[in-house]
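Me: Can you walk me through this one? I'd like to go piece by piece.

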Amino acid sequence: MKGLVWLLLLGFTWAWAQGPEGLEARVLSLINQARAKGVACRGGGGGYSLPPLRPNSTLAQVARGHARDMARHGFVSHYFQGVGPRLRVARAGYRYLRMSEIIFKGRSGDPARAVRWWLRSPTHCRAIMNPYYTEAGAGFRGNAWVVVLAQPR
């Protein structure tokens, strides 16, 4: 039991030491690993290898802002004060042909847990495995994750 507690503490310390930016980079890395493997999504979609998503600072800014709002106000939704992801991205000045936002709220800042949950959800998995998406930005604040995926115009 002591060993398990020690491992949990080490994991927490590692995540805390990385800070939000390190965790955000890790979640994008895990998403890109799933794309490279060609994860097949339940109900269809995916199943073949895709190129990695390029990090985009504007999408990351949008994702961080929404993650902050979800953590601060204690909600899990794509909408906050009547504004959804498409409008948030447009207001930030990012021009896209297609875009999706995936969200997760958990008890910890474990990027692997968020990505596992998304890949088990048919809708979220299809967004991750969408071949049209080439850029992404991740945000983590408190216990809320947001990833915005897009195909730029």
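**A chat about the fold**

Reply: Let's start inside. Arg88 is buried, and so is Glu101. Keep in mind that this is a predicted model.

Me: What do Arg88 and Glu101 form together?

Reply: They form a salt bridge. The closest N and O atoms are 2.7 Å apart.

Me: Where do Arg88 and Glu101 sit in the chain?

Reply: Arg88 is in helix α3 and Glu101 is in strand β2. The two are 13 residues apart, and the pair links distant parts of the chain.

Me: How many salt bridges does the whole structure have?

Reply: The search finds 5. Some share partners: Glu24, Arg64 and Arg141 are joined into one network.

Me: Is Glu24 buried or exposed?

Reply: Buried. Its relative accessibility is 3%, and the cut-off for buried is under 20%.

Me: New topic. What order do the strands of the sheet have?

Reply: The order is β1-β3-β4-β2. It's an open sheet of 4 strands with mixed pairing.

Me: Which strands are at the edges?

Reply: β1 (54-55) and β2 (96-105). Each pairs on one side only.

Me: What holds strands of a sheet together in general?

Reply: They pair through backbone hydrogen bonds, either parallel or antiparallel.

Me: How many bridges join β3 to β4?

Reply: There are 7 bridges. β3 spans residues 135-141, β4 spans residues 144-152, and they run antiparallel.

Me: Where does helix α2 lie?

Reply: Across β1, β2, β3 and β4. Helix α2 covers residues 57-73 and runs at about 30° to β3.

Reply: Helix α4 packs on the sheet as well. This helix, residues 111-120, touches β2 and β4. Its direction makes about 115° with that of β2.

Me: Now the cysteines. How many disulfides is the count?

Reply: The count comes to 1. Cys41 and Cys125 form it, with their sulfur atoms 2.1 Å apart.

Me: Which parts of the chain does that pair link?

Reply: Cys41 is in the loop between α1 and β1, and Cys125 is in helix α5, residues 122-128. They are 84 residues apart. Both Cys41 and Cys125 are buried.

Me: Why is the disulfide called left-handed?

Reply: Because the torsion about the S-S bond is about -75°.

Me: What about the core?

Reply: The largest nonpolar core has 24 residues. Those with the most contacts inside it are Val27, Ile31, Ile102, Trp118, Trp145, Val147 and Leu149.

Me: Which element gives the most to this core?

Reply: α1, with 5 residues. At least two residues each come from α1, β2, α4, α5, β3 and β4.

Me: What is Ile102 in contact with?

Reply: Leaving aside neighbours within four places in sequence, its contacts include His78, Trp118, His124 and Trp145. There is also a second, separate core of 16 residues, and Leu59, Val62, Ala63 and Val148 are among them.

Me: Last one. Where is Gln81?

Reply: In the loop between α2 and α3 (85-91).

Me: Is Gln81 buried or exposed?

Reply: Exposed. Its relative accessible area is 70%, and exposed means over 50%.

Note on methods
Residues numbered from 1 in each chain as written. Predicted model: local features only at pLDDT ≥ 70, side-chain atom pairs only at ≥ 80, totals over all residues. Heavy atoms only, no water. Pairing = 2+ DSSP bridges. Contact = heavy atoms within 4.5 Å. Axes fitted to C-alpha atoms, helices over the stretch in contact; angles between N-to-C directions. Buried < 20%, exposed > 50% of the residue type's maximum accessible area, 1.4 Å probe, protein only. Salt bridge = Lys/Arg side-chain N within 4 Å of Asp/Glu carboxyl O. Disulfide = S-S within 2.5 Å. Core = buried A, V, L, I, M, F, W, Y, C linked by side-chain atoms within 4.5 Å.
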